[in-house]
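Work through the exercises below with the model open. Each task is followed by a solution in steps.

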Amino acid sequence: MIFFWAFVIGGLICVIGQIMFDVFKLTPAHTLSTLVVIGALLDGFNLYEPLIAFAGAGATIPITSFGNSLVHGAMQEAEQHGLVGVITGMFEVTSSGISAAIIFGLIGAFLFKPKG
Amino acid sequence: MSNNKKKNLTPVQQEYQKFQDEREVKRPVIKNCIKAFFVGGVICIIGQAIQTFFIYNFDFTEQTAGNPTVAVMIFISMLLTGFGVYDRLAQFGGAGSAVPVTGFGNAVISAAIEHRTEGFVLGVGGNMFKLAGSVIMFGVFSAFVIAIVKTILVQWGGL
Amino acid sequence: MKQRIIIFSCIMIIMMVVSGCNNTNNTSEHNKTNITNISYEQKKDVNTSADVENLLMEEKEVHNAIAVSTDKKILIAVEINQMERFRLEDIEKRLKKRIEDQYPKHDVDLSTDKKIFLELEKLKTKMNENNLSKKKIKEELKRIKSLSEELT
Amino acid sequence: MGWSMMLSGHRTWLFKNEPVIVSTGTVGGPFEARGKIPEDFDLLHEDIWLRQDSFEKAQKVLIEEACQKAMEKGGVQIEQVQFFLGGDLINQITPTSFAAKTFEVPYLGLFGACSTSMEGLALSAFIINYGGSTCLMTGASSHNAATEKQFRYPTEYGGQKPPTSQWTVTGAGVALLKDKGDGPKVTSATIGRVIDMGLTDPFNMGGAMAPAAVDTIEVHLKERGIDPSYYDLIVTGDLGHIGREVSLDLLKKHGIKITEEQFQDCGLMIYREGQPVLAGASGAGCSASVVYGHLLNRMKNGEFKRMLVVATGALLSPLTFQQKETIPCIAHAVSIEIGGQKT
């Protein structure tokens, strides 16, 4: 069941992205940045966690969850350490995505050549 | 946006743009959306499968399984990018392959591979986040603002 | 070029097969434990956990529930119906409150996490099969609880 | 002959001394090898890297090989070549400059984006016509991956291209011109104006460049005082499907009688149906390799006698696009004729 909803919700988030590409003629960078901000805002209103509970990877795999995790990490630390925590906790949850991207990016640069 | 720009155009330019618009091949929005839906959905199913795999076989809960899942997805993205498959997938799937975290991985990895000819320091290091950097910047800044506002509301506003 | 494509598709196929196998294995395991649960009724401390389970199963949002208890602690995992999962946090709080009210002397922990559910199932099977000592059960519960508290 | 006779109207040069395209050299990449006209290339590469360690170096090799082929076929040694005029799309036209370094020929670097091929041919014909040289080479090149890297995204980046976008040709075309000899003759050239219709979509070059092509064609016909039917073929550089349709309609709207078959586009000749090129081919190497290879071969086979090549170029850079500037375009027209004398 969770697989079905992961498919539907994940697909729908991608459709929103596609509409931003095609209808609003945004570049990929603009689209993805907007989606990240939307994800952060949704978490600001406590709306993203229910979506994750409902759709699992359908909500955690799209880039919107990056914004959500950033707010989440910041909020967790902020609850413990006050306002400073906002900065120190920012990457608490998202560190794996960014470090994986850097590490695999470098490994990729060692292993592969662009195919053109 | 487009209206603002139109104001600065001469009548000749406006006339031509209308003329050109009538002949331009329009993007197949509906078809693209359906493709994006399926490609994005399938990528999320793969993500869910990996996440379930981690929950069943390792000491990860639903909360914590997200991290290794993202790492594995980016690893897959590296292979697809390196073998020259991801750009073709993207031509088909559009946002369906760009919006999931694999698209983020692809943005970083493709830039890293491409600029290897300029060396590892200035090329790979300097250009790795050429495309994905804006995502991180906007994500971090918006998260910063939202978290500050929320913390203030929670701690001092008694919300 | 061609070679690489072949290697790559092999990797993909292997990964798919591996993950597919694991999924099927796990579901069969899952079914088995459900069956053993029924024959488990006579042990000590079981009454509490069985009662808790029954209590929770009455709730319309709950799809499946499992509980393990010692004399001081109750650790519960529930599966919530898919369509109710949007309100997961509220439901979780409400259910926990309900059990706490029912068992005021116990320290109640309730989770909706799949992993906790799986771990509790495993623990129950073990308890059923080898009659674990209380100390061992406590240790296990502590480990599972710490797992649920991890956030990142 | 007087100077004034050479200039017809404001910006059309008539080459009374008829410089000759003695020989040409064209080189293509793997994608072109699977295209519609592989037999018209002198050399085709299966490896997009051309065994170099960067795409930019690969493009340099493309130019060098095209030059060598042209000299070989023309029976000319490098010492006899007096000038080399060329350009490309990459950072400060370094591939062409580096190729010129290899040959040690006096060199004029040109930039006209995808119109560089005809810019070079017009200037070369002009130099020879005025006795500035008796033997020179001109050419243009582009490399798909190097251009993508320069103007758009990393080649492996997954960005969806809209149906209006075009595929940059990996290829180079070089022509060897002499004051006397056998071969097609360059008879006139019209230099284009920069025309900006305020379009901003970098994925729709054809639509942006069409007005420049139309302007140059109209002016050329008017200043030479000829009818479109004078030419057997009017061929544009890399307008693609959309640009070709727009300019054809625009020409008709302006009352210029031009037929569908007479008005062709290099960007639609090079690839097969089914190759993922969307609206067609583009790049400086597109018009260069198609004109110097395919079209001149057809001309020599007697399929047609007079053609007007209108190479179009979009003069944008990634910088101007990001600074939200519009896309200025240019088109240069050069007429090439064979056999029967013009009237």
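Buried area is the accessible area, taken with a 1.4 Å probe, that two parts lose on being put together, summed over both. The model used here is predicted.

**Exercise 1. Describe the interface between chain A and chain B by its residues and its buried area.**

Step 1. Start with the contacts: 70 residues of chain A touch 69 residues of chain B. Among the five pairs of chains that touch, A and B have the most contacts.

Step 2. Turn to area. About 5700 Å² is buried between chain A and chain B, and carbon and sulfur atoms give 78% of it.

Step 3. Find the main contributors in chain A. A:F7, A:I61 and A:F112 lose the most area to chain B, and together they make up 13% of what that side buries.

Step 4. Look for charge pairs. Side chains of opposite charge can pair when their charged atoms come close. Between chain A and chain B the count is one salt bridge. The side chains of B:R27 and A:D22 form a salt bridge, at 3.5 Å from N to O.

**Exercise 2. Describe how chain C meets chain A, and state how chain C stands to chain D.**

Step 1. On the chain C side 10 residues are in contact, against 14 residues of chain A.

Step 2. The two chains bury about 1000 Å² between them, with 67% of it on carbon and sulfur atoms.

Step 3. The salt-bridge count between chain C and chain A is zero.

Step 4. Chain C and chain D are joined by no contact, and their closest C-alpha atoms lie 11 Å apart.

**Exercise 3. Compare the packing of α3(B) on α4(B) with the packing of α3(B) on α5(B).**

Step 1. For the pair with α4(B), helix α3 (residues 29–57) and helix α4 (residues 66–82), both of chain B, pack at about 130 degrees with axes 9 Å apart. That angle makes α3(B) oblique to α4(B). The crossing is right-handed.

Step 2. Identify the contact. α3(B) contributes B:I43, B:I46, B:G47, B:I50, B:Q51 and B:F54, and α4(B) contributes B:P68, B:T69, B:V72, B:M73 and B:I76. The classes are eight nonpolar, three polar and no charged residues.

Step 3. For the other pair, the axes of α3(B) and helix α5 (residues 86–93) of chain B come within 8 Å and cross at roughly 135 degrees. α3(B) and α5(B) are therefore oblique to each other.

Step 4. Here B:K35, B:A36, B:V39 and B:I43 of α3(B) meet B:Y86, B:L89, B:F92 and B:G93 of α5(B). This contact has six nonpolar, one polar and one charged residues. B:I43 is listed in the contact with α4(B) and in that with α5(B).

**Exercise 4. Which parts of chain C does the salt bridge between C:E53 and C:K124 tie together?**

Step 1. The side chains of C:E53 and C:K124 meet at 2.5 Å, N to O.

Step 2. C:E53 lies in helix α2 (residues 46–58) and C:K124 in helix α4 (residues 114–130) of chain C, so the pair ties together parts 71 residues apart in sequence.

Step 3. Over all chains the count comes to 37 salt bridges.

Key
Residues are numbered from 1 along each chain as its sequence is written. Chains are lettered from A and ligands numbered from 1 in the order in which they are written. This is a predicted model: local features need pLDDT of at least 70, side-chain atom pairs count only at pLDDT 80 or more; totals for chains, interfaces and linings use all residues. Side-chain values use heavy atoms; hydrogens and water are left out. Axes are lines fitted to C-alpha atoms, for helices over the stretch in contact, and angles run from 0 to 180 degrees between N-to-C directions. Helices (H or I, at least four residues) and strands (E, at least two) are DSSP runs, numbered from the N terminus. Angles under 35 degrees count as roughly parallel, over 145 as roughly antiparallel, 65 to 115 as roughly perpendicular and the rest as oblique. A crossing is left-handed if the near helix is turned anticlockwise from the far one by less than a right angle, and right-handed if clockwise. Contact means heavy atoms within 4.5 Å. Ala, Val, Leu, Ile, Met, Phe, Trp, Tyr, Cys and Pro count as nonpolar, Asp, Glu, Lys and Arg as charged, and the others, Gly among them, as polar. A salt bridge is a side-chain nitrogen of Lys or Arg within 4 Å of a carboxyl oxygen of Asp or Glu.
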